[in-house]
Amino acid sequence: MLTGVILAGGQNSRMHGLNKALLTYKGEHFIERQIHEMSSICGEMIVVTNDASVYTSWAKPDMIYTPDIFQGSGPLGGFHAAFSTLTNDYAWVVGCDIPKLSAKAATKMLTILTNSDYDAVLPVVGGKHQMLHGMYRPKRLLPLITERLEAKRYRLSGLLDSIHWLGIKELDWMEAGISMDFTEDVDTPLQYLGLLQEERRTDGDVTRPV
């Protein structure tokens with residue numbers, strides 16, 4: 001019923017060309033952590049990338065890799081590539097730069113989506129929608145996405161102007177006992193440094209056996 005989609009085809013310009021999917025946190029590449037978390041609720045996994053060889057040496061053998069069809073069209077092109085490939089009715093789409101994905105949060109969004117007529121359910125943090133940790137109806141959205149790409153309208157958030165979507169705000173997540181850090185992404189070296197410093201502080205709080 002659910003396909004997990006990881007968009008790993010960006011230019012990584014703000015990280016000075018470093019592949020954000022291969023940054024590490026708690027001993028794993030970001031994308032490894034994402035695959036493990038998403039596989040707990042997804043029956044199918046797709047990585048959108050123009051170079052699958054970067055990941056195939058260690059990723060699960062049943063992973064599906066697909067390149068962008070509309071090259072150079074940003075995340076919207078990644079949505080199109082994945083939605084053109086997947087077989088399920090629902091898709092959990094994430095960016096490769098989010099190290100703390102939450103299957104619990106995704107399950108909450110999926111439950112809402114399957115019991116409603118929304119096209120998408122998204123977290124809203126600080127008044128901003130988080131499209132790259134969202135739940136979608138791909139078969140319904142693919143024609144609209146294709147139309148926008150053919151018209152060279154690449155802005156991802158512009159898609160929301162044409163669909164029926166629900167935003168879940170911070171209070172709802174807090175009441176569900178879900179920490180909001182599942183939406184935090186790492187776009188710059190400074191943000192990554194902050195993540196590593198947090199990791200060291202967290203590890204230092206753990207009492208290790210002598």
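## Helix H2 and what surrounds it

The buried residues of helix H2 pack against strands S1 (2-7), S4 (44-48), S5 (64-66), S6 (90-95) and S9 (133-136), and against helix H4 (138-150). Here, buried means under 20% relative accessible area, exposed means over 50%, and partly exposed is in between, using a 1.4 Å probe and protein chains only. Helices (H or I, at least four residues) and strands (E, at least two) are DSSP runs, numbered from the N terminus. A contact means heavy atoms within 4.5 Å.

Before going on, a word about the model: it is a predicted one, where local features need pLDDT of at least 70 and side-chain atom pairs count only at pLDDT 80 or more, while totals for chains, interfaces and linings use all residues. Residues are numbered from 1 along each chain as its sequence is written, and side-chain values use heavy atoms, with hydrogens and water left out.

Back to H2, which covers residues 74-83: eight of its ten residues are buried, so the helix is largely enclosed by the rest of the structure. Those eight are Leu76, Gly77, Gly78, Phe79, His80, Ala81, Ala82 and Phe83.

## Helix H4 and the residue after it

H4 has 13 residues and reaches 18 Å from its first C-alpha to its last, close to the expected 18 Å at 1.5 Å a residue. That expected span is 1.5 Å times one less than the number of residues in the helix. Its buried residues are Pro138, Leu141, Leu142, Ile145, Thr146, Arg148 and Leu149. H2, S6 and S9 are among the elements covering them.

After H4 comes Lys152, whose phi is positive. The angle is about 60°, although Lys152 is not a glycine. Lys152 sits in the loop between H4 and strand S10 (165-168), and with a relative accessible area of 63% it counts as exposed.

## Another lysine with a positive phi

Lys26 isn't a glycine either, and its phi is positive at about 55°. You'll find Lys26 in the loop between strand S2 (24-25) and strand S3 (28-29). Its relative accessible area is 37%, so Lys26 is partly exposed.

## Aromatic pairs

Rings of Phe, Tyr and Trp (its six-membered ring) pair if their centres lie within 6.5 Å; planes under 30 degrees apart count as stacked, over 60 as edge-to-face, and the rest as tilted. By this rule the count comes to five aromatic pairs. In one of them, the rings of Phe79 and Phe83 have centres 5.6 Å apart and planes at 70°, so the pair is edge-to-face. Phe79 and Phe83 are four residues apart in H2, so about one helical turn separates them. Phe79 is buried at 1% relative accessibility, and Phe83 is buried at 5%.

Trp173 and Phe182 also form an edge-to-face pair, with 5.0 Å from centre to centre and 70° between the planes. Both of these residues are buried. Ring pairs also link Phe79, Phe83 and Tyr136 into a cluster.

## The nonpolar cores

A nonpolar core is a set of buried Ala, Val, Leu, Ile, Met, Phe, Trp, Tyr and Cys residues joined through side-chain atoms within 4.5 Å. The largest one has 31 residues, and Ile6, Met38, Trp92, Met135 and Trp173 have the most contacts inside it. S1, helix H1 (30-39), S4, S6 and helix H3 (103-114) each supply at least two residues of this core. H3 gives the largest share, six residues.

Leaving aside neighbours within four places in sequence, Met135 touches residues including Leu2, Trp92, Ala106, Met109, Leu110 and Val121. There's also a second, separate core of 24 residues, which includes Ile46, Val48, Met131 and Leu160.

## Cysteines and a buried aspartate

The structure holds zero disulfides, a disulfide being a pair of cysteine sulfur atoms within 2.5 Å. For Cys42, the nearest cysteine sulfur is that of Cys96, 16 Å away. That's too far for a bond. Cys42 is buried, with a relative accessible area of 9%, and Cys96 is buried too, at 7%.

Asp97 is in the loop between S6 and H3. At 8% relative accessibility, Asp97 counts as buried. Apart from neighbours within four places in sequence, Asp97 is in contact with Lys20, Phe30, Gln34, Glu184, Asp185, Val186 and Asp187.
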